Amino acid sequence: MAQFVRDVMTPDVAAVLPDASLVEAAQLMRAQDIGDVLVTQDGVLLGVVTDRDITLRAVADGVDPLAVSCRSVCTPEPVCVGPDDHISEAVTLMRTNAVRRLPVVENGTPVGVVSIGDLARAQEPDSALADISRAAPDSWPDGGHPGPGPA
């Protein structure tokens, strides 16, 4: 069974520059089938922007997502975990900070992301959350987008 964050994290870092538009971030999320991107500059993590951030901090206020930067809606200085930290540390950080994803940072550089689904699959592979996390996007009713399927 996996014990360390490096064993369960997604090692590919999807990142945007601070001045990237929310549309750019959303398109990257869609292309990579992820719910967040890291906001970085020169290899330094500045923040995290999630699909929820885009919805609640921009779209809900009626702002133009082409004109708003990721820097303006991201969560700055996010809670992070290291790749050699024990999985239980990631669970504790998520619980304590009420977050679903943690950037994984090594020597100041983002090297991955660990999600609540990653941890569920590692610690409780038979749980409902782990099962949902394993569902492939093309298994959704409309062939690739979550939400209501055909009636």
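**Close-up views of a predicted model**

**View 1. Surroundings of R100.** Leaving out neighbours within four places in sequence, R100 is in contact with R52, M94, V114, S115 and I116, where contact means heavy atoms within 4.5 Å. The model is predicted, so local features need pLDDT of at least 70 and side-chain atom pairs count only at pLDDT 80 or more, while totals for chains, interfaces and linings use all residues. Residues are numbered from 1 along each chain as its sequence is written, and side-chain values use heavy atoms, with hydrogens and water left out. R100 sits in the loop between α5 (87-97) and β5; helices (H or I, at least four residues) and strands (E, at least two) are DSSP runs, numbered from the N terminus. With 57% relative accessibility, R100 counts as exposed (buried is under 20% relative accessible area, exposed over 50%, partly exposed in between, with a 1.4 Å probe and protein chains only). R100 and G117 are 17 residues apart along the chain, and their C-alpha atoms are separated by 8.3 Å.

**View 2. The largest nonpolar core.** This core has 15 residues, and those with the most contacts inside it are L22, A25, V37, V49 and C70. A nonpolar core is a set of buried Ala, Val, Leu, Ile, Met, Phe, Trp, Tyr and Cys residues joined through side-chain atoms within 4.5 Å. Two or more residues come from each of α2 (22-32), β2 (36-41) and α4 (70-73). Helix α2 gives the most, with three residues. Not counting residues up to four places away in sequence, V37 touches A14, V16, A25, L28, M29, G47, V48 and V49. A second, separate core of 14 residues includes I87, L93, V114 and A122.

**View 3. The salt bridge between R71 and D19.** Side chains of opposite charge can pair when their charged atoms come close. A salt bridge is a side-chain nitrogen of Lys or Arg within 4 Å of a carboxyl oxygen of Asp or Glu, and by this rule the count comes to five. In the pair of R71 and D19, the closest N and O atoms are 3.1 Å apart. R71 lies in helix α4 and D19 in the loop between β1 (15-16) and α2, so the pair ties together parts that are 52 residues apart in sequence. R71 is partly exposed, at 45% relative accessible area, whereas D19 is exposed, at 60%.

**View 4. The salt bridge between R101 and D36.** The N to O distance for this pair is 3.5 Å. R101 belongs to strand β5 (residues 101-106) and D36 to strand β2, and the pair links distant parts of the chain, 65 residues apart. R101 is partly exposed, with a relative accessible area of 29%, and D36 is buried, with 9%.

View 5. R57 and D53 form a salt bridge, their closest N and O atoms being 3.7 Å apart. R57 is partly exposed at 40% relative accessibility, and D53 is buried at 9%. Elsewhere, R6, D84 and E106 are linked in a network of salt bridges.

**View 6. Cysteines.** The structure holds zero disulfides, a disulfide being a pair of cysteine sulfur atoms within 2.5 Å. The closest cysteine sulfur to that of C74 is in C70, 7.6 Å away, which is too far for a bond. C74 is buried, at 8% relative accessibility, whereas C80 is partly exposed, at 31%.
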